[in-house]
Amino acid sequence: MGINGSTTTTATFDFDAMLAKIKARQWALADIDWEGPGAETISPDLHRRLAPFMADLMWIENVGARGFAAMARKAPTETLAEIYRHFHAEEQKHANAELALMRRWGMLDGDTIPEPNVNVKLVIEFLDRYADGMSLSFLGTVIPMLEVALDGALIKFVTDEIADPVAQEVFRRINADESRHLATDYAVMDLLGHAQARRLMIDFVGGWLKPSLLIGVLSYVPLLNRMRDNIVAMGVDEEKLYAAMRRYKAVGERSRYARRLPMYQVVKAHAGMVINRRHPYHLVADALVKATALVPDAILPPQPSWARELTYKAVS
Ligand SMILES: [Fe+2]
Ligand SMILES: [Fe+2]
């Protein structure tokens, strides 16, 4: 904490050191003993609740992967680009590790990759179509929320529900990766907030002028409520999700640069509504969950081509 009561993480954040750490902490599916004892700790009841949750979680890793792929192309330095390429690969690895767990627990039907829920599908479709056209300051403020509320948080929720030691080992490694993702996400938000106020406004207004953003909002809003419902169905207290979302708010309290980002203020204000169950926002968001559930499969896009890279096999 500085004399004036504010801190800047950029001054202390060393992206080169982060990249070195990421490289040093790499792990592979082959490091895990997938046949190890403990699979029987998953009771039939837990098995039933866990299977759809794991399928969604696995696809949310892919949402993260797709986001980082777009960020890698926008990164202002080669170090950051390389960090994002690693994160992209790590998210795919998380997805594959979760698939391998599902296979271990007998949740997979042969070699078929489970389908995500419709809200995850819509977000993937949106990112696939529009992420590369979004500015770094947009992606760099939205992706951290997805990471803090979903990608990083969901796995922590199931960690407490599952006794299987093999899963615990996998989750420990994924959690360690996620802590580096979040540290970097926050440092980048701080860095982005250093831009001139004029530049920030141009980026912000330009981003919202795109009609695609509306599709993004309409995908993102029901996704959060849908995942909240899934968490509750898993037997996890939804307060845990809200606690995770509050951590996003804390970033702006730590960094006066991050809170200069207009998009940060929007995401934060939105999070404030999400964590307040009595807010009328939920009438709309829950209605969207119901409405999207009615979307016929036929008009939904097929799984994106990169989904073919998904495998539970210990290749990487
Ligand atoms: Fe992840
Ligand atoms: Fe992540």
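Okay, let's start with one residue: setting aside neighbours within four places in sequence, Asn225 is in contact with Ala285, Asp286 and Val289. By "in contact" I mean that the C-beta atoms of two residues, placed from the backbone, lie within 7 Å. Before I go on, this is a predicted model, where local features need pLDDT of at least 70, side-chain atom pairs count only at pLDDT 80 or more, and totals for chains, interfaces and linings use all residues. Residues are numbered from 1 along each chain as its sequence is written, and chains are lettered from A and ligands numbered from 1 in the order in which they are written.

Back to our residue. Asn225 sits in helix 9, residues 212-233. Helices here are DSSP runs (H or I, at least four residues), strands are too (E, at least two), and they are numbered from the N terminus. Is Asn225 buried or exposed? Asn225 is buried, because 20 other C-beta atoms lie within 10 Å. The cut-offs go like this: 20 or more other C-beta atoms within 10 Å of a residue's own, placed from the backbone, is buried, 12 or fewer is exposed, and in between is partly exposed. Now look at Asp286: along the chain Asn225 and Asp286 are 61 residues apart, yet 6.5 Å separates their C-alpha atoms.

So who brings them together? Helix 9 and helix 12 (residues 281-293) have axes that come within 8 Å and cross at roughly 95°. Those axes are lines fitted to C-alpha atoms, for helices over the stretch in contact, with angles from 0 to 180 degrees between N-to-C directions. Helix 9 and helix 12 are therefore roughly perpendicular; that label covers 65 to 115 degrees, while under 35 is roughly parallel, over 145 roughly antiparallel, and the rest oblique. On the helix 9 side, the contact uses Leu218, Val221, Pro222, Asn225 and Arg226, and helix 12 brings Ala285, Asp286, Leu288, Val289 and Thr292. Those residues split into 6 nonpolar, 2 polar and 2 charged. Here Ala, Val, Leu, Ile, Met, Phe, Trp, Tyr, Cys and Pro count as nonpolar, Asp, Glu, Lys and Arg as charged, and the others, Gly among them, as polar.

Next pair. Helix 4 (residues 78-104) and helix 7 (residues 165-192) have axes that come within 11 Å and cross at roughly 160°, and are therefore roughly antiparallel. Helix 4 passes helix 7 in a left-handed crossing, meaning that the near helix is turned anticlockwise from the far one by less than a right angle; clockwise would be right-handed. Among the residues that meet are Phe87 and His94 of helix 4, and Ile174 and His181 of helix 7.

The contact includes Trp59 and Ile60 of helix 3, plus Val123 and Leu127 of helix 5. Its residues come to 7 nonpolar, 2 polar and 3 charged.

Finally, let's zoom out. The protein has 12 helices and 0 strands. Its radius of gyration is 19 Å, close to the 20 Å that the globule rule gives for 316 residues, so it is as compact as a globular protein of that length. That radius is taken over C-alpha atoms, and the rule is 2.2 Å times the number of residues to the power 0.38. Of the 316 residues, 40% count as buried.
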